[in-house]
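Look at the sequence and the model first, then read on.

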Amino acid sequence: MRILGLAGRRLAASIPTLILILIGVFLLLQFAPGDTVDAMMAQMGGGDAATAKELRKFYGLDLSIPAQLGNYLWRLVRLDLGFSSIYGKPVATVILERLPPTILLMTASLSFAFFFGLVFGVIAARGVNRWPDTLISTLGLIFYATPSFWFGLMAIVVFSVYLQWLPPGGFEDIGTVRTGIWRVFDIASHLVLPTLTLGLIFLAIYLRIMRASILEVLNLDYVRTARAKGLDETRVVTRHVLRNALLPMVTLIGLQAGTMLGGSVVVESVFSLPGLGRLAYESVVQRDLNTLLGIVFVSALLVITVNFIVDLIYARLDPRITAEG
Amino acid sequence: MDAVKRYFRSPAAVAGLILLVIVVAMAISAGWLYPRDPLALAGRPLIWPFSNPRFLLGTDNSGRDIAAQIFYGARISLLIGGVATAIAILIGILVGAFAGYYGGWVDNVLMRITEAFQTLPNFVLLLVLVAVFGSTLTTVTIAVGVVSWPAPARLTRAEFLSLRNREFVQAGRILGMKNIQLIFGEILPNALPPVIVYASVVMAVAILLESALAFLRLSDPNVASWGNLIGLGRDVLRVQWYVSAIPGIAILVTVLAVSLVGQGLNDALNPRLKGR
């Protein structure tokens, strides 16, 4: 219960941040050339000034900027994100349709990066300054420097064009209708390359942090005690070192949530996944500012949610945190 | 001098420096080796690399010399990376210094803003900025700088928090120095080294951000940028994959060089933390 209270307080503290972001981006978008009505008129194939004025009045765009901002925030309280004139649907509906692939991709990439980062980090730390460490650390540096979209393209060339093992893009095969377990397999095979592409840079970060944090924990007195009482090396690492070395890794999940969401914009574009990131890109290209603002809101919300979950996990891993809070 | 010696003792740091020197040399020699406009038509489109001595790295889909674009691209990447990093570090130092020095409500307000910037995914903010201000070289560079400052700000703030009550600061205060003098004349020089080292991380990320933006065709299309070329090569990826592959290696090498140099500097300046 105490854990929930602490995390809840952190969650409440993020509400002013959220409002600050919305106000900032809303005001920023006022500088954008053209508004929703311009976009609509362009789609209708042009129209006269009177129609434009009528439409602006209908959408409340003729009001002063503070009044518009007030309206927007008030609608937001009722979870109304406005209307996307490009998609012809409420923004909330458009975003909800696009959310599942992004969440699936992010969860898969995070699990991939976390698991392999942990394993490689342990291997590197165990053989510090010997060849496994050198090899893993060098690979980590290279992965960190690799542009994700380029890695994705090269993966398509190798695995989809030459080897033809995996599909080059899309979320599922639209040519055939599949149900149940076959659909799951189909989606999974479409997500293998995007997951690797998005996860690669995080794998590099995680293995570096894991290696450093294990090296640090290995020097602590209680590890010496564990060894002195005759535990074998595997038990020392899995039971005693890992638990404490995991803390910085978990912190990193919260810190990297935003970066990962940003990375999915690029990865979804490479693999043409119908996700939130691709929607962000499309709304920039199509000047659909209402949708763009909605995406800003939802991505901030997503980052805050991830941090909330991380707080819960963190408190569970380290009882001292709740004791202090 | 010890630091210099320590730097050159690390093979990774030396390798990074060599790579960085090569990239800088490419940027400088671009105009001299390829006096023609890199975006001008040069020959038949889609010549494979190493098949025609005139175009060592081949040509892209519209018959432009890939090698020339790689050399000029080094300029763009270093320029955007360097200027954006300078902007980010400058904003970061100002915000961090004031927040850390004054504390109280100044710290509260500034940290709230920093948090807002960190909560919003920086690539999404970058998209918003490009959507609003357009994508010329100047706006993209400033936008990349504007999304990258929160981390240096936090670092500067932490340094200021640990330094602001040291004896040399109190001595300065007793001598009657003004706050501004204390911040920029006394504390900042002591807080600077870790921030400068961190600049290498900011620069690596800035180069990657710009190339991703260019790949999505949201950066300046009128300059020879590596990201632009990768985006262009995507249209002919199935067969002529080299159009995308070559500039990607250039980005990888540059980012790797910047990271290695930063890591080397860090180890050389903080010898006790080596290997962490």
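## Chain A at a glance

Of the 325 residues of chain A, 37% count as buried. A residue is buried if 20 or more other C-beta atoms lie within 10 Å of its own, exposed if 12 or fewer, and partly exposed in between; the C-beta atoms are placed from the backbone. This is a predicted model, in which local features need pLDDT of at least 70, side-chain atom pairs count only at pLDDT 80 or more, and totals for chains, interfaces and linings use all residues. Residues are numbered from 1 along each chain as its sequence is written, while chains are lettered from A and ligands numbered from 1 in the order in which they are written.

Chain A has 13 helices and 2 strands. Helices (H or I, at least four residues) and strands (E, at least two) are DSSP runs, numbered from the N terminus. The C-alpha trace of chain A spans about 85 × 55 × 40 Å along its principal axes. Take the contacts in chain A between residues at least 6 apart in sequence: 73% of them join residues at least 24 apart. Two residues are in contact if their C-beta atoms, placed from the backbone, lie within 7 Å.

## Confidence

pLDDT is the predictor's confidence in each residue, from 0 to 100. Chain A has a mean of 84, and 96% of its residues reach 70 or more. Within chain A, helix H5 (residues 91–126) has the highest confidence, at 90, and helix H13 (residues 319–324) the lowest, at a mean of 60. Where pLDDT is low, the predicted coordinates should not be read in detail.

## What the record says

UniProt positions use the numbering used here, feature names are shortened, and annotations may be inferred rather than shown by experiment. For chain A, an unreviewed UniProt entry lists "domain: ABC transmembrane type-1" at residues 99–314. That span is 83% helix and 0% strand, with end C-alpha atoms 26 Å apart. For chain B, an unreviewed UniProt entry places "domain: ABC transmembrane type-1" at residues 74–262. Here the span is 83% helix and 0% strand, and the end C-alpha atoms lie 19 Å apart.

UniProt also lists "transmembrane region" (unreviewed entry) in chain A, including residues 291–314. Residues 291–314 of chain A are 100% helix, and their end C-alpha atoms lie 34 Å apart.

## Where the chains meet

How many residues does the contact take from chain A and from chain B? It takes 42 from chain A and 36 from chain B. Several helices of chain A each supply at least two residues to the side that touches chain B, among them H1 (2–29) and H12 (289–317). That side of chain A divides into 33 nonpolar residues, 9 polar and no charged. Ala, Val, Leu, Ile, Met, Phe, Trp, Tyr, Cys and Pro count as nonpolar, Asp, Glu, Lys and Arg as charged, and the others, Gly among them, as polar.

## The core

The largest nonpolar core has 162 residues. Such a core is a set of buried Ala, Val, Leu, Ile, Met, Phe, Trp, Tyr and Cys residues joined through C-beta atoms within 7 Å. Val296(A) and Val124(B) are among the members that touch the most others. Leaving aside neighbours within four places in sequence, Val296(A) contacts Ile21(A), Val25(A), Leu120(B), Val124(B) and Val128(B).
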